[in-house]
Amino acid sequence: MSEYHVASDDIALVDLLDRVIGEGVVIGGDIVLSIAGVDLVYLGLRAVLAPAHVAGPSALRDEAL
Amino acid sequence: MITLFAVTWRTHAPTLDKDGLAVLADGNLAMIVGPTPSTTSREDALAFGRVVERVASAVDVLPFRYGTTAADTEAARELLRENESSWAARLLQVEGCSELAIRAARPESDEEPAASGAAHLDRLVSRSRQLDIAEEEIGRLLTGRCRVVRRLAGHQELRLSCLVERHQVDLLRVLVEEWAASQTELEVSVTGAWATYSFVANDEEAG
Amino acid sequence: MTTDVPGDELEPRRRARIEADPEQVERGLVQLVLTLVELLRQLMERQAIRRVEAGGLEDDQVEELGRTLMLLDEKMTELRDHFGLEAEDLNIDLGPLGRLL
């Protein structure tokens, strides 16, 4: 039913990537920027360099910042 | 940390027996989950998408955005419980449908910079108008044949997502490809059928 | 190597992390900055198009608007080339802000 009928594989991959990165259900998220395992910056936005949303209750500690 | 792939009806949940995938069930729904690789990458995003598409080829799903995770299976089950009624409602909204992705844009070209600021703006305006016209023309093809059309954000590019009942997918694809063949200035692509990513986000997060 | 926060032993990966080694930091920051600048540039371009379509701008305003946009476009290309980034590298998921593009 859901077939890969495409003009070319590359175009299809771009569209698939578009979809999984841009769309779909989102449950909010926290992003932590860290260097060498040291957490430095907490991003409360869903602005991400590499999408990695953590679903569920915030996992941050009070002393994160 | 586990990755959340998609939600589907419990009664239709697939049997998944490879790649570490598992199906968690609660109430009327089931969630497909799996291990989370230690890095994120385009390849991983595509692999994620392929899992979702594989499940979507057999049953209606609510696909998660790539990168959505939960601490563990218990946390995932909790999410399923908390969101059961809203997710069930969204599944009903996309029942029997797939998503067609249509894109149109001028091909990249190394053209001369405009001769003046006004000419540059003129060029920008006419290109934007060209895409708006394309949207109208494609829209006419889609009317009555798809449930919803959404124009997605795009820079100097027309991106349309169509919520289409599965039995209409092939016809629509042919119609758009015919239209595309008549276009001399725009490159057009139609891909799908995809799971209905563009039609399941929360209203406040849509886009 | 991960420096575990005390008490984190049972849940070593509760948070999504963007790990960066020192050499990657600059590249990551450049990418982030250029992506945001590009976002603003695109926003301005779209707004300019809307303003021109709406009418009511003086000729000299149109000329200056267009020339500034041309310059911004040129500069962005130069910056990208300088840092070895392609247009696709400056593509960020901004959630609700993404709607602005």
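Predicted model: local features only at pLDDT ≥ 70, side-chain atom pairs only at ≥ 80, totals over all residues.
Local features here need pLDDT of at least 70 and side-chain atom pairs count only at pLDDT 80 or more, while totals for chains, interfaces and linings use all residues. Residues are numbered from 1 along each chain as its sequence is written, and chains are lettered from A in the order in which they are written.

View 1. Chain A has one helix and two strands, running α-β-β along the sequence (DSSP runs: helices are H or I, at least four residues; strands are E, at least two; numbered from the N terminus). Of its 65 residues, 37% are buried (20 or more other C-beta atoms within 10 Å of a residue's own, with C-beta atoms placed from the backbone).

View 2. H1(A) covers residues 9-22 and reaches 20 Å from first C-alpha to last, close to the 20 Å expected (1.5 Å times one less than the number of residues). Its buried residues include Leu16(A), Val20(A) and Ile21(A), along with Asp15(A) and Arg19(A). What do the buried residues of H1(A) pack against? They sit against helix H1 (42-56), strand S6 (97-105) and strand S9 (187-194) of chain B (contact: C-beta atoms, placed from the backbone, within 7 Å).

**View 3. Helices H3 and H4 of chain B.** The axes of H3(B) (residues 117-142) and H4(B) (residues 169-181) come within 10 Å and cross at roughly 150° (lines fitted to C-alpha atoms over the stretch in contact, with angles from 0 to 180 degrees between N-to-C directions). The two are therefore roughly antiparallel (over 145 degrees). Glu137(B), Ile138(B), Leu141(B) and Leu142(B) of H3(B) meet Leu172(B), Leu175(B), Val176(B) and Trp179(B) of H4(B).

Conventions
Parallel < 35°, antiparallel > 145°, perpendicular 65-115°, else oblique. Contact = placed C-beta atoms within 7 Å. Buried ≥ 20, exposed ≤ 12 C-beta atoms within 10 Å, placed from the backbone.
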